[in-house]
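Here are my notes on the model you sent.

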Amino acid sequence: HDIATLKRVKNHAGVNGVKNIIAVSSGKGGVGKSSTAVNLALALIAEGARVGILDADIYGPSVPNMLGTEDQRPTSPDGTHMAPIMAHGLATNSIGYLVTDDNAMVWRGPMASKALMQLLNETLWPELDYLILDMPPGTGDIQLTLAQNVPVTGALVVTTPQDIALIDARKGIVMFEKVHVPVLGVVENMSMHICSNCGHHEAIFGSGGAQQLVERYNTRLLSQLPLHITLREDLDSGVPTVVRRPESDFTALYRQLAGAV
Ligand code: ADP
Ligand code: MG
């Protein structure tokens with residue numbers, strides 16, 4: 001027990017100046033964790049908070065591309081720690097800055113988990129109100145390592161309205177309950193497709209499922225975000241919508257989510 005405690009204290013030392021750690025997770029890949037994590041982080045900045053984002057998706061880092069920093073490499077002022085890479089006011093770190101070939105894709109779980117703990121503990125995070133963790137999909141090694149070694153304040157579960165995404169979102173909620181990480185609520189992404197030409201709304205992934213999910217698990221539906229080409233294009237350009245279009249309805253939704261968090 002003492003060794004475990006010591007290990008925890010040691011592990012936590014690197015995130016001392018961080019007040020809240022928020023995990024943005026999902027059971028499934030491709031539902032919009034990274035999009036939500038990045039825009040939420042930027043919305044928290046717009047609300048006046050000091051924010052960082054750690055790309056915890058070791059096998060599929062997307063944060064550098066979404067922030068337009070994919071060509072940058074962290075420097076080490078003291079030879080052992082990394083200075084975070086700054087983008088749009090956000091302090092960031094990602095395996096994507098360090099490993100630029102495809103070798104990370106074949107790491108076994110323990111190595112991936114170790115890399116994540118190093119990114120967390122060996123980055124010189126400034127004083128932060130929120131450190132957002134952009135999680136990999138699923139409920140495996142990395143999620144468990146995090147839950148056991150990192151004082152996660154709360155988790156958001158991102159899902160689309162599709163049944164197969166909701167089934168996996170449910171598993172995510174159950175996992176966090178098991179490891180005693182509070183679930184702050186569910187974000188329904190791609191809730192409604194809005195046609196950029198005609199403005200027509202279409203529930204192409206279905207509707208109502210996320211509401212049922214939060215009722216069943218006694219949590220909250222924090223946001224319903226539309227599927228819109230602008231959101232995707234802005235992320236691909238490296239300037240997310242919250243920064244590129246601060247006055248847009250999309251940004252208002254992310255700021256509402258930031259308020260709820
Ligand atoms: P995840 O992190 O869950 O794997 P991403 O955030 O990378 O998912 O999203 C997958 C792709 O879908 C990305 O190309 C992203 O730009 C796009 N995307 C995500 N959410 C939306 C949305 N609401 N509207 C349009 N495109 C979106
Ligand atoms: Mg992702």
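1. The residues around the largest cavity are Ala 23, Met 135, Gln 143, Leu 146, Ala 147, Val 152, Phe 176 and Val 181. Please keep in mind throughout that this is a predicted model. The space inside the largest cavity comes to about 30 Å³, and the count of cavities of 30 Å³ or more is 1.

2. What kinds of residue make up the lining of this cavity? Sorted by class, there are 7 nonpolar residues and 1 polar residue, with no charged ones. Helix 6, residues 141-149, provides the largest share of the lining, at 3 residues.

3. Ala 23, one of the residues lining the largest cavity, has Leu 133 in strand 5 as its bridge partner.

4. Strand 1 is joined to two other strands. With strand 5 (residues 128-134) it runs parallel, through 6 bridges. With strand 6 (residues 154-159) the arrangement is also parallel, through 4 bridges; here Ile 22 lies opposite Gly 154. As a general point, side chains in a regular strand alternate between the two faces of the sheet.

5. Next, the open space. The largest pocket has a volume of about 370 Å³. Its lining consists of 24 residues, and those closest to the centre are Gly 32, Ser 35, Met 66, Met 190 and Leu 235.

6. Which helices contribute to the lining of the largest pocket? Helix 2 (33-46), helix 3 (63-67) and helix 9 (229-237) each supply at least two residues. Helix 9 gives the most, with 5 residues. By class, the pocket lining divides into 10 nonpolar, 10 polar and 4 charged residues.

7. The disulfide count for the model is accordingly 0.

8. Is Cys 198 buried or exposed? Its relative accessibility is 55%, so Cys 198 counts as exposed, the cut-off being over 50%.

Notes:
Residues are numbered from 1 along each chain as its sequence is written. Chains are lettered from A and ligands numbered from 1 in the order in which they are written. This is a predicted model: local features need pLDDT of at least 70, side-chain atom pairs count only at pLDDT 80 or more; totals for chains, interfaces and linings use all residues. Side-chain values use heavy atoms; hydrogens and water are left out. On a 1 Å grid over the protein atoms alone, a cavity is a set of points where a 1.4 Å probe fits but cannot get out, and a pocket is an open set with protein on both sides within 12 Å along at least five of seven lines; lining residues have an atom within 4 Å of a point. Grid points are joined across faces, edges and corners, and a volume is the space filled by probe spheres set on the points. Ala, Val, Leu, Ile, Met, Phe, Trp, Tyr, Cys and Pro count as nonpolar, Asp, Glu, Lys and Arg as charged, and the others, Gly among them, as polar. Two strands pair if DSSP finds at least two bridges between them. A disulfide is a pair of cysteine sulfur atoms within 2.5 Å. Buried means under 20% relative accessible area, exposed over 50%, partly exposed in between (1.4 Å probe, protein chains only).
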